[in-house]
Amino acid sequence: MENFKFEKLRIWHTAMDFGELIFEASSRFHADEKFNLTSQIRRASDSIALNIAEGSTGQSHKEFRKFIGYSLRSLAEVVTCLHKARRRKYLSEAEFSNFYTQAYALMNSMGAFRATLKTKKPTDLGSANSGGK
């Protein structure tokens, strides 16, 4: 069931899946990181999808673009946390590389979607939200 606009967005679904993978991986971080890196990477990864959803409820494409920007910033924060986790040996090189590749693809998808909002008329918001699952 997809009743909300953001539920129709591929980038939202991808961000939701990415967030769950980050949550799972961060559960293996050292216990000392519970209130530091673990909490930070989880909040940042959740923020990606949350900002996409929040932005989709706005009244204008300009506002939606602003929230996609917030999502991109959160993604950059996650990538930085991934670097920290790799340096602290909480992630293997292979795990880091996999997450990095997913993050890069998500960044490109969000950037492309954001660019479509620049060219759409406010009445086209429904069609801007297509992108399928």
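Predicted model: local features only at pLDDT ≥ 70, side-chain atom pairs only at ≥ 80, totals over all residues.
Once residues up to four places away in sequence are set aside, T38 touches S26, F29 and E33.

## Overall make-up

The protein chain has 5 helices and 0 strands, so that, read from the N terminus on, its elements run α-α-α-α-α. The chain holds 133 residues, of which 41% count as buried. Among the contacts in the chain with a separation of 6 or more, 72% are accounted for by residues 24 or more positions apart.

## Packing of α3 against α4

Two packed helices are described by the angle between their axes and the distance between the axes. For helix α3 (residues 61-87) and helix α4 (residues 93-119), the angle is about 170 degrees and the axes lie 10 Å apart. Because an angle over 145 degrees counts as roughly antiparallel, α3 and α4 are roughly antiparallel to each other. By class, the contact of α3 with α4 has 16 nonpolar, 4 polar and 5 charged residues.

Helix α1, made of residues 10-26, has an axis that comes within 10 Å of that of α4, and the two cross at roughly 155 degrees, which makes α1 roughly antiparallel to α4. The crossing in which α1 passes α4 is left-handed. On the side of α1 the contact is made by I11, T14, A15, F18, L21, I22 and A25, and on the side of α4 by F99, Q102, A103, L106, S109, M110 and F113. These residues of the contact of α1 with α4 divide into 11 nonpolar, 3 polar and no charged.

With α3, the axis of α1 comes within 13 Å and crosses at roughly 25 degrees; the two helices are therefore roughly parallel to each other, given that angles under 35 degrees count as roughly parallel. Here too the crossing is described as left-handed, with α1 passing α3. The contact is made by I11, F18 and I22 of α1 together with I68, L75, V78 and L82 of α3, and the residues of this contact of α1 with α3 divide into 7 nonpolar, no polar and no charged.

In soluble globular proteins, nonpolar side chains tend to be buried together. In this model, the largest nonpolar core has 34 residues, and those with the most contacts inside it are F18, I48, I52, I68 and M110. Each of α1, α2, α3 and α4 supplies at least two residues of this core, while the largest share, 9 residues, comes from α3.

I68, one of the residues with the most contacts inside the core, is in contact with I11, I52, M110, F113, R114 and L117 when its neighbours within four places in sequence are left aside. I11, which lies in helix α1, is buried, with a relative accessible area of 8%. Not counting residues up to four places away in sequence, I11 touches I52, I68, L106, S109, M110 and F113. Although I11 and I52 are 41 residues apart in sequence, their C-alpha atoms are 8.1 Å apart in space.

## Exposed lysines

K62 lies in helix α3 and, at 70% relative accessibility, counts as exposed, since the cut-off for that class is over 50%.

Most residues other than glycine have a negative phi. Phi of K89, by contrast, is near 70 degrees, a positive value in a residue other than glycine.

Definitions and conventions: Residues numbered from 1 in each chain as written. Heavy atoms only, no water. Axes fitted to C-alpha atoms, helices over the stretch in contact; angles between N-to-C directions. Helix = DSSP H or I, 4+ residues; strand = E, 2+ residues; numbered from the N terminus. Parallel < 35°, antiparallel > 145°, perpendicular 65-115°, else oblique. Nonpolar A, V, L, I, M, F, W, Y, C, P; charged D, E, K, R; others polar. Contact = heavy atoms within 4.5 Å. Left-handed = near helix turned anticlockwise from the far one by under 90°. Core = buried A, V, L, I, M, F, W, Y, C linked by side-chain atoms within 4.5 Å. Buried < 20%, exposed > 50% of the residue type's maximum accessible area, 1.4 Å probe, protein only.
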